[in-house]
Amino acid sequence: MEMLLLTLALGDRVKILKDNRDRALLRSLRQAEANALLKDKVNRELEQRVDERTQELSKKNQLLLQYNQQILEKDEEIKRINSILDKDIWKLKSQIKENLQARITNKRMSYDDFKKIFPDSTACLRYLEQIKWENGFSCKACEHIKFSKSSKVFHRRCSRCGHIESATAGTIFHGIRLPIEKAFYLSYTVIAEHDKLTLEELSQLLDLRVNAISSFRVKVKLQLEMKGIHHPEWEDIVLERSHELN
């Protein structure tokens with residue numbers, strides 16, 4: 001009886017364990033199915049979002065391509081306009097240069113007219129720099145043609161030997177003690193055909209000593225004589241000297 005009861009109890013126990021195992025397996029299967037459904041749903045949502053994002057990026061990329069094409073077209077238009085502007089600027093500079101040259105070569109300007117062209121030292125030095133190197137730079141020390149900007153205004157530094165040259169170097173205005181704008185006018189009075197002012201009148205007009213005015217005018221005239229120029233023009237005075245003067 002005891003063995004029979006034990007056998008029945010063990011059978012019930014095995015049956016209970018088997019039922020529990022089956023229920024656990026069933027729950028696992030259901031959970032796996034739910035997980036699979038959830039995974040499929042998530043994947044479908046992700047695929048949908050990826051498709052939407054891809055379409056959105058494709059549209060934006062198309063817009064970028066259109067904008068880029070428009071930018072290229074605008075860039076070409078800007079280049080064309082810049083080319084036209086460069087030509088206009090070149091023509092304007094040429095006209096300004098011609099007008100300036102015409103005004104300077106006019107030998108009947110008054111002092112007030114002259115001051116409008118060369119009001120200060122900066123205008124004079126800029127003019128000297130322009131006419132001195134308008135055909136290119138050439139180092140006085142080594143004849144190298146390439147240069148860089150110097151730390152000083154209106155100076156150029158040779159890229160090979162490092163020689164620094166000023167705009168006044170090699171001109172009648174180099175090393176003078178007079179204000180260069182006044183020296184410019186004194187040079188002009190040498191070729192001027194009207195308003196022949198005396199040394200005293202020039203002294204009062206420019207607020208300079210008579211001796212300083214006389215010395216500089218003699219220097220200019222001597223320079224022209226050494227060049228053999230009997231009917232000088234403005235360029236003959238301001239351009240580079242062919243002889244060194246003491």
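## Report on a predicted protein model

H144 is placed in the loop that runs between α3 and β1. The structure described here is a predicted model. With a relative accessibility of 17%, H144 falls under the 20% limit and therefore counts as buried. Its side chain and that of R160 are joined by a polar contact of 3.3 Å. Apart from its neighbours within four places in sequence, H144 is in contact with F137, S138, C139, C158, S159 and R160.

The loop between α3 and β1 also holds E143. This residue has a positive phi of about 65°, although E143 is not a glycine. Most residues other than glycine have a negative phi. A positive phi also occurs at D207, which is not a glycine and has a value near 55°. D207 belongs to the loop between α5 (199-206) and α6 (210-227). The table sets out the accessibility of these loop residues.

| Residue | Relative accessibility | Class |
|---|---|---|
| H144 | 17% | buried |
| E143 | 62% | exposed |
| D207 | 65% | exposed |

**Overall architecture**

The protein chain contains 7 helices and 3 strands. Read from the N terminus, its elements follow the order α-α-α-β-β-β-α-α-α-α. The chain has 246 residues, of which 25% count as buried. Among contacts in the chain with a separation of 6 or more, 53% are between residues 24 or more positions apart.

**The sheet**

The 3 strands make up an open sheet, ordered β1-β2-β3, with antiparallel pairing. β1 (147-149) and β3 (164-166) are the edge strands; each has a single partner strand, so one side of each has no neighbour in the sheet. From one strand to the next, the twist averages 35°. Strands of a sheet pair through backbone hydrogen bonds. Strand β2 (residues 155-158) is joined to β3 by 3 bridges, and the two run antiparallel. R156 has E165 in β3 as its bridge partner.

**Helix α3**

Helix α3 (residues 121-133) packs on this sheet and touches β1, β2 and β3, its direction making about 115° with that of β3. The helix has 13 residues and spans 18 Å from its first C-alpha to its last, close to the 18 Å expected at 1.5 Å a residue. At the start of α3, a side-chain oxygen of D120 comes to within 3.3 Å of the backbone nitrogen of T122. The buried residues of the helix are A123, C124, Y127, L128, E129, I131, K132 and W133. An α-helix has 3.6 residues a turn, so residues three or four places apart point the same way.

**Aromatic rings**

Aromatic pairs form a further part of the picture. A pair of aromatic rings is described by the distance of the centres and the angle of the planes. In the whole structure, 12 aromatic pairs are found. For W133 and F137 the ring centres are 6.1 Å apart and the planes stand at 55°, so this pair is tilted. W133 and F137 are both buried. W133 is among the buried residues of α3, and F137 is one of the residues in contact with H144. Ring pairs also link Y111, F114, F118, Y127, F173, F184, Y185, Y188 and F216 into a cluster. One member of that cluster, Y127, is a buried residue of α3.

Conventions:
Residues numbered from 1 in each chain as written. Predicted model: local features only at pLDDT ≥ 70, side-chain atom pairs only at ≥ 80, totals over all residues. Heavy atoms only, no water. Phe/Tyr/Trp six-rings, centres within 6.5 Å; stacked < 30°, edge-to-face > 60°. Buried < 20%, exposed > 50% of the residue type's maximum accessible area, 1.4 Å probe, protein only. Pairing = 2+ DSSP bridges. Helix = DSSP H or I, 4+ residues; strand = E, 2+ residues; numbered from the N terminus. Axes fitted to C-alpha atoms, helices over the stretch in contact; angles between N-to-C directions. Contact = heavy atoms within 4.5 Å. Expected span 1.5 Å × (residues − 1). Polar contact = N/O pair within 3.5 Å; in protein donor to acceptor, adjacent residues only side chain to side chain.
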